[in-house]
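Here is a walk through one protein chain, written for someone who likes to keep the model open while reading. Please have the viewer at hand and follow along.

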Amino acid sequence: MNRARGLRKYKPNVIVNTRYLSTVIRSLPQSGLVGLASDMGTGKTEILAMIRKENPQLSFLNNGHRVTLLKNLSDRLQTAIELLQKFFMI
């Protein structure tokens, strides 16, 4: 993936070239900020759901610009959407 998206100044620690991320990524770092940049349908949400299920004590921040997608993601990952409820009266 070689798109700008304003991410050029941030160098990735890991680069994978595969159709489905879950075939090569089994875990994420235990500290720090983790960002996944990949096309649609590559398994980003499935990886997060698996990690969330195995580690319910970890904190997740779902960031996005479409309320409906964020609501769906919070359902799939079983995370709270309290800020959306506060600002958008969902």
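Throughout this report, a residue is called buried when its relative accessible area is under 20%, exposed when it is over 50%, and partly exposed in between (1.4 Å probe, protein chains only). The model is a predicted one, in which local features need pLDDT of at least 70 and side-chain atom pairs count only at pLDDT 80 or more, while totals for chains, interfaces and linings use all residues. Residues are numbered from 1 along each chain as its sequence is written, and side-chain values use heavy atoms, with hydrogens and water left out.

**The overall picture**

The chain has three helices and zero strands, and its elements run α-α-α from the N terminus on. Helices (H or I, at least four residues) and strands (E, at least two) are DSSP runs, numbered from the N terminus. Of the 90 residues, 20% count as buried. Among contacts with a separation of 6 or more, 36% join residues 24 or more positions apart, where contact means heavy atoms within 4.5 Å.

Start with H1, where Thr-45, Ile-47, Leu-48, Ile-51 and Arg-52 are buried. They lie on the same side of H1, because they cover an arc of only 160° around the axis; the arc is that of the directions from the helix axis to the C-beta atoms. On the other side of H1, Lys-53 and Glu-54 are exposed. What do the buried residues of H1 pack against? Their partner is H2.

H2 has a buried set of its own, made up of Leu-70, Leu-73, Ser-74 and Leu-77. These residues share one side of H2, since their arc around the axis is only 100°. Thr-68 and Asp-75 are exposed on the face of H2 turned away from its buried side.

The largest nonpolar core has eight residues in all: Leu-21, Ile-25, Leu-28, Ile-47, Leu-48, Ile-51, Leu-73 and Leu-77. H1 and H2 are the elements that give two or more residues to this core, and the largest share, three residues, comes from H1. A nonpolar core here is a set of buried Ala, Val, Leu, Ile, Met, Phe, Trp, Tyr and Cys residues joined through side-chain atoms within 4.5 Å. Ile-47 is in contact with Leu-21, Ser-22 and Ile-25, leaving aside its neighbours within four places in sequence.

**A salt bridge and a buried arginine**

How many salt bridges does a search of the whole structure find? The search finds one, counting a side-chain nitrogen of Lys or Arg within 4 Å of a carboxyl oxygen of Asp or Glu. Arg-76 forms it with Glu-46, and the closest N and O atoms are 2.9 Å apart. Arg-76 lies in helix H2 (residues 67–77) and Glu-46 in helix H1, so the pair ties together parts that are 30 residues apart in sequence.

Another arginine, Arg-52, lies in helix H1. Not counting residues up to four places away in sequence, Arg-52 touches Leu-58, Phe-60, Leu-77, Gln-78 and Thr-79.

The table lists relative accessibility for several residues.

| Residue | Relative accessibility | Class |
|---|---|---|
| Val-14 | 63% | exposed |
| Glu-46 | 44% | partly exposed |
| Arg-52 | 17% | buried |
| Leu-61 | 76% | exposed |
| Arg-76 | 44% | partly exposed |
| Gln-78 | 66% | exposed |

**Loops and the surface**

H2 is followed by Gln-78, which has a positive phi near 55°. Gln-78 is found in the loop between H2 and helix H3 (82–88). Leu-61 sits in the loop between H1 and H2.

Finally, turn to the segment before helix H1 (44–54), where Val-14 is found. Val-14, Val-16 and Val-24 form a nonpolar patch on the surface, with about 250 Å² of accessible area together. Patches are made of residues with over 30% relative accessible area and no salt bridge; like charges are joined within 9 Å, and nonpolar side chains (Val, Leu, Ile, Met, Phe, Trp, Tyr) within 5 Å.

Technical notes. Areas by Shrake-Rupley, 256 points an atom, 1.4 Å probe, with all protein chains shown as cover.
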